[in-house]
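Colleague: I have a model open and would like a close look at one part of it. Could you walk me through it, starting from the whole chain and then moving in?

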Amino acid sequence: MANTPQAKKRIRRNERRAEVNGARVSRIRTFVKKAEAALASGDKAAATAAVAAMQPELARGVAKGVVHKNTAARKFSRLTKRLSALA
């Protein structure tokens, strides 16, 4: 158990941050799933819109530190590659 006031404060802070970060990651996953579903459906217009909506969410996750930069780049690259193959 934490003894110092600062350690107690860190525990409280970490719990709040974990909630916020968890919500962020969940939101990003939802956008990625929507993009994957649109790509699987074969509808190029819907897939383009879904991938375009997903990209800023991924970038925001990187900026906030909840997703690694290379992970976001890999996801975006793979989905963009699938999108261009729909033609």
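Among contacts between residues at least 6 apart in sequence, what percentage joins residues at least 24 apart? And once that is settled, which residues of helix H2 are buried, and what covers them?

Modeller: Happy to. First, a word on the model: it is predicted, so local features need a pLDDT of at least 70 and side-chain atom pairs count only at pLDDT 80 or more, while totals for chains, interfaces and linings use all residues. Residues are numbered from 1 along each chain as its sequence is written, and side-chain values use heavy atoms, with hydrogens and water left out.

The percentage you asked for is 57%: that share of the chain's contacts between residues at least 6 apart joins residues at least 24 apart. Contact here means heavy atoms within 4.5 Å.

Now the setting. The chain has three helices and zero strands, running α-α-α from the N terminus. Its radius of gyration is 17 Å, well over the 12 Å that the globule rule gives for 87 residues, so the chain is more spread out than a compact globule. That radius is taken over C-alpha atoms, and the rule is 2.2 Å times the number of residues to the power 0.38. Along the principal axes, the C-alpha atoms fill a box of roughly 60 × 20 × 15 Å. Buried residues make up 21% of the 87; buried means under 20% relative accessible area, exposed over 50%, and partly exposed in between, with a 1.4 Å probe and protein chains only. Helices are DSSP runs (H or I, at least four residues), and strands are E runs of at least two, numbered from the N terminus.

On to H2 itself. This helix has 21 residues and reaches 30 Å from its first C-alpha to its last, close to the 30 Å expected at 1.5 Å a residue. The expected span is 1.5 Å times one less than the number of residues. Its buried residues are Ala47, Ala50, Val51, Met54, Glu57, Leu58 and Gly61. Seen down the axis of H2, they fall within an arc of 135°, so they line one face of the helix; the arc is that of the directions from the helix axis to the C-beta atoms. As for the cover over these buried residues, it includes H1 and H3. The face turned away from the buried side carries the exposed residues Ala45 and Ala63. Lys44 also lies in H2, and with a relative accessible area of 37% it is partly exposed. Just after the helix, Gly65 takes a positive phi of about 85°.

Met54, leaving aside neighbours within four places in sequence, is in contact with Phe31, Val32, Ala35, Phe76 and Leu79. Glu57 is buried too, with a relative accessible area of 9%. Under the same exclusion of neighbours within four places, Glu57 is in contact with Arg27, Ile28 and Phe31.

Met54 also brings us to the core. In soluble globular proteins, nonpolar side chains tend to be buried together. A nonpolar core here is a set of buried Ala, Val, Leu, Ile, Met, Phe, Trp, Tyr and Cys residues joined through side-chain atoms within 4.5 Å. The largest one has 15 residues, and those touching the most other members are Ala35, Leu39, Val51, Met54 and Leu79. Helix H1 (5-41), helix H2 (44-64) and helix H3 (69-85) each give two or more residues to this core, and H1 gives the most, with six.

In H1, the buried residues are Ile28, Phe31, Val32, Ala35, Ala38 and Leu39, and their cover includes H2 and H3. H1 is followed by Gly42, whose phi is positive, near 90°. In H3, Ala72, Leu79 and Leu83 are buried. They cover an arc of only 50° around the axis, which puts them on the same side of H3. What covers them includes H1 and H2. Facing away from that buried side are the exposed residues Arg78, Lys81, Ser84 and Ala85. Of these, Arg78 has a relative accessible area of 54%. Arg78 and Ala47 are 31 residues apart in sequence and 13 Å apart in space, C-alpha to C-alpha.
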